[in-house]
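Open the model in your viewer and keep the selection tool at hand. The tour makes two stops.

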Amino acid sequence: MASEELAQKLQRRLLLEESGAAAEGDEEEAAAPCPGEEERSCLAASADAELSAKLARRHDINEGAAQPRRAAVFNPYTEFKEFSRRQIKDMERMFRLYDSGRDGYIDLMELKLMMEKLGAPQTHLGLKNMIKEVDEDFDGKLSFREFLLIFHKAAAGELEEDSGLLTLAKLSEIDVSIEGVKGAKNFFEAKVQALSSASKFEAEIRAEQDERKREEEERKHRRAAFRELKSAFTQ
């Protein structure tokens with residue numbers, strides 16, 4: 001069913017691209033000759049090859065024979081700028097908590113456990129639909145980037161009220177209120193908030209560094225106190 005739907009969408013896109021190329025050729029007919037049949041045939045062949053590759057990939061996924069694709073390295077702090085550094089770290093902790101397989105993904109059973117722990121158990125079909133909403137690579141599980149997309153869509157108001165993903169975002173205890181330029185009402189407010197967001201990001205990094213230094217100092221004091229206590233007993 002999914003393969004047929006994908007094929008129809010790609011076929012419609014191909015027809016639109018061909019009709020657009022033909023319309024552009026008609027407009028420039030007076031100044032230049034229309035594209036030749038050979039060029040259109042080449043474009044159609046390229047589109048057909050792309051369509052065939054996508055259909056073959058979809059078929060392999062359905063049959064469970066698809067080879068996993070290497071995930072592109074991404075920086076969550078630059079890609080999801082609407083969230084603060086602390087918010088993204090909270091999401092990462094939550095993701096790792098339920099990634100019981102430690103493979104960098106949340107599969108259907110791990111998502112099932114997550115929703116049960118959050119107090120909003122879902123049906124098997126409901127869980128599959130939740131994954132499908134953000135499953136960009138059609139592998140049937142959630143990568144960390146796809147997990148972040150849940151909160152991105154929730155903050156942008158792109159999820160339906162009855163969506164299981166919206167329930168997840170609401171019950172996760174992670175504040176997904178929109179920050180930075182997305183909440184600005186005009187250009188000048190956007191500029192001010194953009195600068196404020198950058199300063200806040202730097203402040204959070206400094207706070208984390210200070211926290212690590214403080215913890216290291218406390219460990220040093222504890223070790224020194226332990227050595228003094230040990231020497232007192234050995235005298």
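Predicted model: local features only at pLDDT ≥ 70, side-chain atom pairs only at ≥ 80, totals over all residues.

**First stop: helix H7**

Colour the buried residues of H7. They are Phe-144, Glu-146, Phe-147, Leu-148, Leu-149, Ile-150, Phe-151, Ala-154 and Ala-155. Now show what covers them. The cover includes helix H3 (76-79), helix H4 (85-98), H5, H6 and helix H8 (164-171).

Next, check the length of H7. Its 12 residues, at 1.5 Å a residue, should span 16 Å. The end C-alpha atoms are 17 Å apart, so the span agrees with that expectation. Then step just past the helix to Gly-157, where phi is positive, at about 70°.

**Second stop: Gln-122**

Select Gln-122. This residue sits in the loop between helix H5 (108-117) and helix H6 (124-134). Is Gln-122 buried, exposed or partly exposed? Its relative accessibility is 27%, and therefore Gln-122 counts as partly exposed.

Zoom in on the side chain of Gln-122. One of its polar atoms lies 3.1 Å from the backbone oxygen of Ala-120.

Now look further along the chain. Leaving aside neighbours within four places in sequence, Gln-122 is in contact with Met-115, Leu-127, Met-130 and Gly-164. Finish by drawing a distance from Gln-122 to Leu-111, 11 residues apart along the chain. Their C-alpha atoms are separated by 9.3 Å.

Notes
Residues numbered from 1 in each chain as written. Heavy atoms only, no water. Helix = DSSP H or I, 4+ residues; strand = E, 2+ residues; numbered from the N terminus. Buried < 20%, exposed > 50% of the residue type's maximum accessible area, 1.4 Å probe, protein only. Contact = heavy atoms within 4.5 Å. Polar contact = N/O pair within 3.5 Å; in protein donor to acceptor, adjacent residues only side chain to side chain. Expected span 1.5 Å × (residues − 1).
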